[in-house]
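Please keep the sequence and the model in view while reading.

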Amino acid sequence: MSDLYLFGLSSTRADWLSQRQAVVAENVANANTPGYRAKDVSAFSTVLETTKLDLAASSANHLVASAGREFGVDAARQTPWDVTHSGNSVSLEQEMLKAGEISRDYALDTSIAKAFHRMYLSTLKG
């Protein structure tokens with residue numbers, strides 16, 4: 001079912017959310033590290049620009065979708081709420097808000113994918 005664009009998009013978004021959660025966890029783990037600068041990943045819309053569905057002609061007789069491209073997530077500096085005396089810019093409150101946002105987005109994405117899967121199966125059953 002990964003050949004369907006919506007399932008591929010859902011998988012890409014889940015991978016992006018997973019990588020963002022890893023960056024948030026790294027920020028929280030380094031909350032007391034002197035000189036550590038908080039990081040965040042680029043927005044999903046930027047990732048979506050590089051993974052859009054393009055068609056490429058491999059033969060004059062048929063078209064093939066360009067699947068399997070990896071997306072790059074660049075670490076982007078975030079605007080810290082405050083910087084401590086040690087030069088650390090991690091705000092635990094800001095990181096917890098991001099973690100909640102990631103959890104909410106993941107739940108939304110999985111519920112949309114489940115609903116689409118149910119609709120897909122109902123069309124196959126007839």
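Does R20 count as buried or exposed? At 8% relative accessibility, R20 counts as buried, where buried means under 20% relative accessible area, exposed over 50%, and partly exposed in between (1.4 Å probe, protein chains only).

## Basis of the model

The model is predicted: local features need pLDDT of at least 70, side-chain atom pairs count only at pLDDT 80 or more, and totals for chains, interfaces and linings use all residues. Residues are numbered from 1 along each chain as its sequence is written, and side-chain values use heavy atoms, with hydrogens and water left out.

## Overall architecture

The protein contains 3 helices and 4 strands, arranged along the sequence as α-β-α-β-β-β-α. Helices (H or I, at least four residues) and strands (E, at least two) are DSSP runs, numbered from the N terminus.

Of the 126 residues in the protein, 27% are buried. Contact means heavy atoms within 4.5 Å; among contacts between residues at least 6 apart in sequence, 68% join residues at least 24 apart. The accessible surface comes to about 8500 Å², and 58% of it belongs to carbon and sulfur atoms. Such areas come from the Shrake-Rupley method with a 1.4 Å probe; for residues, only the protein chains shown count as cover.

## The nonpolar core

A nonpolar core is a set of buried Ala, Val, Leu, Ile, Met, Phe, Trp, Tyr and Cys residues joined through side-chain atoms within 4.5 Å. The largest one has 9 residues: W16, L17, V23, V24, V41, F44, V47, A99 and I102. Two or more residues each come from helix 1 (5–29), helix 2 (44–50) and helix 3 (92–125). Helix 1 gives the most, with 4 residues.

## Salt bridges

A salt bridge is a side-chain nitrogen of Lys or Arg within 4 Å of a carboxyl oxygen of Asp or Glu. By this rule there are 7 salt bridges. One of them joins D40 and R20 (3.1 Å, N to O). Because D40 lies in strand 1 (residues 39–41) and R20 in helix 1, the pair ties together parts that are 20 residues apart in sequence. D40, at 13% relative accessibility, also counts as buried.

D40 forms a salt bridge with K98 as well, the closest N and O atoms being 3.6 Å apart. K98 lies in helix 3, so this pair ties together parts that are 58 residues apart in sequence. K98 is buried, with a relative accessible area of 7%. Salt bridges with shared partners join R20, D40, E95, K98 and E101 into one network.
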